[in-house]
Amino acid sequence: MCIRDRLCPGSINSWQDLCTTFVNHFQASCPSPKTRWDLGSVTQQPSESLRDYTKRYFSYRNMIMDVDDRDVIHYFHQGLHNIELWRKMFESNPKTVSEMMVVVNKHADMEDAEKAHRHHKDRRHSDDRPK
């Protein structure tokens, strides 16, 4: 539906009326700017891989203009579902996002390798079954 179809006759009497009506109509559909506090709403889902969580978290983080490394690290850490990585980050206490990503990428590589190993093992066992 077009905005002009929703206007009451005689409701626009000036350029300012048109501007106000236009902004009021479209403003609700525009995403609001994100803040560092919004990072706290991004949490790893129980079945979500670390790599997928990291991608989702940083795509959200990239929508925020002003956020420092401490906040990025804090909210990423708080959103983790993986307790092993949570502990590792607590022990290593990264001060920069780069330091944090060294720990995260090692853990994600290990998670990927374990998944590939389980997949290979499951395939091998299914090949051993009589047909």
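Where is Asn62 found? Asn62 sits in the loop between helix H3 (50–61) and H4, where helices (H or I, at least four residues) and strands (E, at least two) are DSSP runs, numbered from the N terminus. Before I go on, let me say that this is a predicted model, in which local features need pLDDT of at least 70 and side-chain atom pairs count only at pLDDT 80 or more, while totals for chains, interfaces and linings use all residues. Residues are numbered from 1 along each chain as its sequence is written, and side-chain values use heavy atoms, with hydrogens and water left out.

Staying with Asn62, the residue is exposed because its relative accessible area is 60%, given that buried means under 20% relative accessible area, exposed over 50%, and partly exposed in between, with a 1.4 Å probe and protein chains only. The C-alpha atoms of Asn62 and Lys34 are separated by 9.4 Å, although the two residues are 28 apart along the chain.

Now the chain as a whole. The chain has six helices and zero strands, and the pattern read along the sequence is accordingly α-α-α-α-α-α. Of the 131 residues in the chain, 24% are buried, and the accessible surface comes to about 10,000 Å², with 55% of that belonging to carbon and sulfur atoms; the areas come from the Shrake-Rupley method with a 1.4 Å probe, and for residues only the protein chains shown count as cover. If we take contacts, meaning heavy atoms within 4.5 Å, between residues at least 6 apart in sequence, then 48% of them join residues at least 24 apart.

Let me turn to one helix pair. Helix H4 (residues 69–78) and helix H5 (residues 83–92) pack at an angle of about 150°, and their axes are 10 Å apart; the axes are lines fitted to C-alpha atoms, for helices over the stretch in contact, and angles run from 0 to 180 degrees between N-to-C directions. On the H4 side, Ile73, Phe76, His77 and Gln78 meet Trp86, Met89 and Phe90 of H5. By class, this contact has five nonpolar, two polar and no charged residues, where Ala, Val, Leu, Ile, Met, Phe, Trp, Tyr, Cys and Pro count as nonpolar, Asp, Glu, Lys and Arg as charged, and the others, Gly among them, as polar.

Which residues of H4 deserve a separate word? Asp71 also lies in helix H4, and Asp71 counts as buried because its relative accessible area is 13%. Leaving aside its neighbours within four places in sequence, Asp71 is in contact with Arg36 and Tyr57. Glu48, in the loop between helix H2 (15–27) and H3, likewise counts as buried, at 16% relative accessibility, and, with neighbours within four places again left aside, Glu48 is in contact with Thr43, Tyr53 and Arg56.

Asn93, in the loop between H5 and H6, has a positive phi of about 45° although it is not a glycine.

Finally, the largest pocket holds about 220 Å³ of space. Helix H6 (residues 97–128) gives the most to its lining, with seven residues, and by class the lining has one nonpolar, three polar and seven charged residues. A pocket here is an open set of points on a 1 Å grid over the protein atoms alone, where a 1.4 Å probe fits, with protein on both sides within 12 Å along at least five of seven lines, and lining residues have an atom within 4 Å of a point.

Technical notes: Grid points are joined across faces, edges and corners, and a volume is the space filled by probe spheres set on the points.
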